[in-house]
Amino acid sequence: MPPAAAAGKAGTTRIEHTTCYMCACRCGIKVTLEDGALRFIQGTASHPVNQGVLCAKGSAGIMKQHSAAKLRQPLKRKPGTERGAGEFVPISWDEALDTLTARLANIRSTDPKKLAFFTGRDQMQALTGLWAQQFGTPNWAAHGGFCSVNMAAAGLYSIGYSFWEFGAPDWDRAKYFVLWGVAEDHASNPIKIGLDKLKRNGAKFVSVNPVRTGYSAIADEWLPVRPGTDGLLALAIVHVLLSRRLVDEEFLIRYTNAPWLVVQSPGKKGDGLFVRDAAGAPLVYDQKAGALASGMDIGTAPALFGEYETPDGRRAKTVMSLAVERYMDERYSPAAVAAQCGVDAATIERIALEMAHVAFQETIELPIEWTDVYGRKHDKVIGRPVAMYAMRGISAHSNGFQTCRALHLIQMLLGALEGPGNFRARAPFPKPIPPAILPENDAAVMNAPDTPLGRPPLGFPARPEDLAIDKEGRPLRIDKAYSWESPIAAHGAMHNVIANAVAGDPYKIDTLMLYMANMAWNSSMNTAGTQDMLRAKDKSGEYKIPFIVVSDAFHSETVNFADLVLPDTTYLERHDAISLLDRPISEPDAVADSIRHPILPLDRDVRPWQEVLIELASRLRFPAFVATDGKRKFSGYPDFIVNYERAPGVGFLAGWRGADGNSPLRGAPNPKQWDAYIANKSFFAHHWKDNQKYMRFVNRDYQEAAVAAAFIGKVEPIVMQIYSEPLQKFRLAGQGLYEGPCPSEAEDKQRLADFFDPLPDWYLPLETSRIETDAYPFSAITQRPMMMYHSWDSQNAWLRQILAQNFLYMNTRSAARLGLADFDWVWVESHAGKVRCQLKTMEGVEESTVWTWNAIGKQAGAWGLDKDATEATHGFLLNHLISESLPKTAGERRLTNSDPITGQAAWFDVRVKVTKSAEAGAWPVFAPIARLPGDDAPRPEVIRWG
Amino acid sequence: MTTKKLGLVIDLDTCVGCHACAVACKEWNGASALSGPLSDYEPYGKEPSGVWFNRIRHYETGTYPQNKTINVPMSCMHCEDADCVTVCPTGASYKREDGIVLVDQDKCMGCNLCAWACPYGARELDESSGTMKKCTLCADRIENELLPPEDRQPACVLACPTHARHFGDLGDPESGVSKLVAEREGFGMLPELGYKPVNRYLSPRSAPQVPLARSAAPAPSLSERIAGWVNKLVER
C-alpha cells in the first residue's frame, strides 16, 4: 500500500478542534487541514455532546464549505427593479453598513418597534436578543415559534425543565424508554448514542410515531399513532395508571402540587385558583394537624385527596382529587380513545402496565448521599427507570402544549423525573415554574425613542397582567406573541410576522431584518402567498414591508427578496460562543458550553453576522455597547464575548473565567478565555459531583452551585405543577372572572375558556375542527432525514446525492384503496391549496397519514443549484398546503393557525386528500432565481474532490 | 495459527440508516491517495450522483402494523473467495494477506468484469478515472502510524453514531469482533453464493419482554374508582 496517506504528511498537517453547525446538537469536531485546506472532519472523542461520533451532515461539512451557493459580497436590490425579481448590484460594506445604520437610527429615534428582527436557525439568541432589547424593539424572536415552543413552554410550566433542549434521558440507566413523535433530525447524535446504550443494556424502546423510519425503525415496539392524538393516548395511559392506583404517591406529595387545594366556586371569581395563606403560600390539608397548612412546609402530612373548607368558607379540592375525577372517567379509557388515536385498547393498557412495572418493580437505588433544600440528609437516590423524550410530532400541533403537559403528567405520576434512569435536566435547568423572566409589555417603554427595553423581548407570562397588550387589549408585538391570541408565546411567533406586517395588523413596520431564516420558502406556511406578500405594495406604490434586510451565508430563496443582503461567513470562518445564556449544550451530568474559532481564512468579502451586530450596536450607541464617553466598548465580537458581563462575573462563556482563568462558571473576564477554550478542544465541561446529579428541583448541593453560577436566583424547592394556575388565570379571564385584564373579543374569550385547562387535556386540532374531515381523509406531516437539517443541505454535493427528490409516502393498503401505485403523480389538496408530487407506498406509515421529507423542494436557481436540479423539478414542499391562518368561520376575525396557548405554528395539523394526476412534474412551479452578481463559483459537471 | 481476516461487523439492531458511515467514508476516501478521488457527477446539476464505497439500503419486512424497517449498509464484504479478484484480467484486483480486497488504481483498466462478478454491488466504476473503486477498509488509516492509535479505524466505524459498526480480525476467534459475532450469531450476506464474505451482520435483537405491573382490576364505575383512593400518611 502507499505510505501514510494525506492526513499524515508531516509538516503540512494541522489539527483544529471546533464546533459543528449543521444542526442544533452542536457536536465537537476535530478538523484535519492539509496545507491549510480541509481534509477531514470527525467527532471530538472527549466532547460531551457527541463523544467522538459524527453524523452525515457533520462529515459533509467540507462540501458545505465548498458550496456554490456561498454569498460573496454585500448586495442591494438594483435600483428601479422590483423586489423578488432577483436583480442586485454589489456594494461595499461601508455602503451597506452606512445605509443600514441610517435607517435603523431613524427607526430607533422615532418608533423603535417598526424594526422587526427575526432569526432562523441561529445559535446566538443571547446576542440577538440583547441587541433587540438594546435597540428598544419588542419585535424580536428566533424560529422557536414554529419549532419547539410547545415543548419548552409545556416543560417550563410543568416540571422546570423540558423536552428538546433543557433535558435528556438517562441513557445509561433507563430500562424503559418511550420516544414520542421524534422526527429523524431531532436530536441527532445524542439520541443515536443513547439508543445504542439502551439496546446494549436490554432496555425496552417504544416509539410513538405515525411513521416507522429512522429511530422508530429500531424500536422494540412501534405505536403508529394518528397525528394530533398523542395527547389522547397519553391520557389513556394516565387513566390506566390512576384506575389501577399505580402511581408514586410519595413523589406526588413531596415534589408536585398534587396535594395543593384548589378553590371550587364555578362561575365566581377566584374559581380554580389555589387556596393561599396571607403570605401567598399554597395550602394543603395536613392530616397530622387536622388543619390547613402551607404546602411549602415540611413535617406535614398533606392529604392527596379530599374536599375541604377554606378559611373564608369556600370549598376546595386537592389537585389530585381533581385529577382522578377527570382522568379516571370512561372518556379517557383505552377503549374510548383507541379508535381515534389508532392504537388498540389492549396495547395502550399493556404499555401503561409495562411502564408501571419498570417504575415500581425495577426501581434503582444509588447509594449517593445528598442534602435537600430543607437541609435534610438523604443516603440514597431512587430511580424509577422509565424515561421519555418527545419533539416534533407533539410540538407542531395546535394541541401540542397540552399534549406535552400530558406526557409530563405521566412522568410525575410515575415519579420518573430527575432520578436515575429518568428524563433529567440539563443545566442551567431546572428553574422555577415558570422561569421568573417576564417579557417587556410596557407600551410606553416600547415606544420610547432611543431607549432599551427594560426587560427582554421574550419571557414567561404567569398571569394576564403579563401580556404584551395595550389598554384596549390589542397586541403590542407584530407577531401578536403575548396577546390574547397566543398568551404564552415564549419563543415569539415568527410565522406571523410577514402576514401581520403586510396586513398592518396590529400595525405597519418599516424594516424586517432576517438572519438565516428562509421565510420566503420552507420556513413559512403558505409559501407562494408569502412571496406575494413580500412583493405587496400599497396604493402609493410603496412596499407594504418597506425594507427587508437578509443576512445569510448562502443564496437561499429568501435572499432573493432582500433589499439589502449582508453576506455571512461559514461556521469554519468565524468566532462563535455556544452559550449557557442561550441554548445550552449541557448534559445531565455536566454543564457545558463551547466555541467556534476561525480555522479557514476568508476568501470572500463577507463578515460574520455577530461582528455586524456589534458594529451596528456601537454605531447606534446602544448603552451596553458604548462607554459613558460615547466610545465603543468592544472592538468586535471576540472582545465582546470576553468582556461583556450580564451580571458581575457572568458572561457568554462559563469556562476559564477570572483574570487568571481559574474561576469556572463565574468570575471576572479573562483576556485569554478564547485561548483557553481553543487549548481545550473548544469546549468547557464542568462535571457535577454525584450528590449534584439528581433530584435537582430540591437538591441543595446542586442548587447552591446553581445560585453561585447565576443559573437560578435562590435555593428553594421547585414544585412540579400538575395543575397550572397560570393557565387557570387565563381561563378565568376568558370567562370574565379574572380580577385583572380580560379580553373583549368573543374569539379570545372562547379560546381561553376552551383550551386553557389547568389540568393537561386533549382537544381536536383546530384546523381539523373547522374542516370537513371526510373530504380530507389524511393527515399530512413531514420530517427531515437524518442526513439533512432545515433547507440548506440540498446545496451539499454529497448529501443531495443521497436525497434530491422527496416523495409523498402513503400506506400500501391506503394507496390500493385509492387505486394509487408507486411513482404515480398525485395531487395533494388541503383546504388551503394543492401540490403535485410523486407517490411511494410503504408499510411503515399509519393508514390515515401521508408524509414527506421536509424542505427538499427548492425554487429553481436557489442554493447554487442549476435551474433544472431535481429538487426544483421533482421536489416539493408541503408548506403550500398549510395556511398561516385558520379556516374562517362567519363573522370571525383572522386567527393564526397555531396552538392557542403558545402560538406554536400548527403545521402538523394539515389534512389532505390525494388523487391521481394525469400530468407529471412538481407543481406549483416558480420562476427561476437568477445568479447573483459576482457569482463565479465553479459548478463543474464532475467534481474530483481531493 | 489463524489467517487474518480483517472486516466489519454491522449491527442491524441499532443501524438507524443515518448515512453517517457512508459520508464519513466518502470524505476520507475521496481525498485518499489509495483510491481517491471519488468522482461526483452533476454535483450542482440535474441528477447528482457519484462514486461511493458504502451505500445504505432500507427494507421493510412484514405488513402494517406488524412491519419493521431494516437499514442495511452495504460495502465490500472482503470475501475469502473473492471472484472479483479471480476475474480481473490485469491483476489490479487483489487480496492482501490480512484479507483486505483492494484495487491497484495503476493497473485497473475499468473493464467492469469485477463489478459483474460481485453479487453485493460493492464496486463502482469511476467514470472520470476509468477505474474501479471500492471499500479499502481504510487501509491507509488502520495502519497509519501518523494517526493517533484511537483513530486507526475505518472512517465509517469512527463516525457511526449508534456504534453499529465494528472493525477487527474475524479470523481471530479471540478478537472483539469475533466474540461479538459469536454472541449475537452474526451472519454473512448471501453465503449460498459461496464467496465466503468476511463481513458479518448482527440481526435485530428480539424485543425485551417486560412484565406487567401487578394491580387489582379497576372498579367498574368512576365513583367506585374514586372511592378506592384513600389518603396515606406521607410526610413531606
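A:Pro430 sits in the loop that connects β22 (423-425) to α15 (443-447) of chain A. In this predicted model, the peptide bond between A:Phe429 and A:Pro430 is cis, with omega at about 10°. The loop between β22 and α15 of chain A also holds A:Pro434. A cis peptide bond joins A:Pro434 to A:Ile433, and its omega is about -15°.

A:Phe823, a residue other than glycine, has phi near 70°. A:Phe823 belongs to the loop between α25 (812-817) and β31 (825-829) of chain A. A:Phe823 counts as exposed because 11 C-beta neighbours lie inside 10 Å, and the limit for exposure is 12 or fewer. In chain B, phi of B:Asn112 is positive, near 80°. The loop between β7 (101-103) and α3 (113-117) of chain B contains B:Asn112. B:Asn112 has 11 other C-beta atoms within 10 Å and is therefore exposed.

Confidence was examined for chain A. The mean pLDDT of chain A is 96. A pLDDT of 70 or more is reached by 99% of the residues of chain A. Residues 1-9 of chain A have pLDDT below 50. Beyond near neighbours in sequence, this stretch makes 30 contacts in the model. Where pLDDT is low, predicted coordinates should not be read in detail.

Strand β2 (residues 28-34) of chain A has five of its seven residues buried, so the strand is largely enclosed by the rest of the structure. Strand β1 (residues 13-19) of chain A runs antiparallel to β2(A), and seven bridges join the two. Within this pairing, A:Thr18 has A:Ile29 as its bridge partner. β2(A) also pairs with strand β3 (residues 37-43) of chain A, again in the antiparallel sense, over six bridges. Here A:Thr32 faces A:Phe40 of β3(A). Two residues lie between the strands in the hairpin of β2(A) and β3(A). In that hairpin, A:Asp35 adopts a positive phi near 50°.

A further sheet of chain A is open and has three strands, in the order β12-β16-β15. Its pairing is antiparallel. β12 (261-263) and β15 (307-309) of chain A are the edge strands, each pairing on one side only. Neighbouring strands are turned by 40° against each other on average, direction ignored. β15(A) is joined by three bridges to strand β16 (residues 315-318) of chain A. Helix α10 (residues 319-327) of chain A lies across β12, β15 and β16 of chain A. The helix runs at about 75° to β16(A).

Strand β32 (residues 834-842) of chain A includes A:Lys834. A:Lys834 counts as partly exposed because it has 16 C-beta neighbours inside 10 Å. Leaving aside neighbours within four places in sequence, A:Lys834 contacts A:Trp827, A:Val828, A:Glu829 and A:Leu881. A:Leu878 is 44 residues from A:Lys834 in sequence. Their C-alpha atoms are 8.7 Å apart in space.

The largest nonpolar core comprises 373 residues. Residues of both chains, A:Leu233, A:Ile237, A:Val238, A:Ala390 and B:Ala24, have the most contacts inside it. Helix α8 (residues 230-243) of chain A gives the most to this core, with 10 residues. Neighbours within four places in sequence aside, A:Val238 contacts A:Tyr327, A:Tyr332, A:Ala406, A:Leu409, A:Ile410 and A:Leu413.

The contact between the chains involves 97 residues of chain A and 75 residues of chain B. On the side of chain B that touches chain A, several elements supply at least two residues each, including β3 (49-50), β5 (68-74) and α7 (222-228) of chain B. α1(B) gives the most, with eight residues. By residue class, the side of chain B that touches chain A divides into 37 nonpolar, 22 polar and 16 charged residues. Strand pairing also crosses between the chains. Strand β35 (residues 942-943) of chain A runs antiparallel to β2(B), and two bridges join them. In this pair, A:Val942 stands opposite B:Tyr41 of β2(B).

Definitions and conventions
Residues numbered from 1 in each chain as written. Chains lettered and ligands numbered in written order. Predicted model: local features only at pLDDT ≥ 70, side-chain atom pairs only at ≥ 80, totals over all residues. Contact = placed C-beta atoms within 7 Å. Helix = DSSP H or I, 4+ residues; strand = E, 2+ residues; numbered from the N terminus. Nonpolar A, V, L, I, M, F, W, Y, C, P; charged D, E, K, R; others polar. Pairing = 2+ DSSP bridges. Core = buried A, V, L, I, M, F, W, Y, C linked by C-beta atoms within 7 Å. Buried ≥ 20, exposed ≤ 12 C-beta atoms within 10 Å, placed from the backbone. Axes fitted to C-alpha atoms, helices over the stretch in contact; angles between N-to-C directions. pLDDT = per-residue confidence, 0-100.
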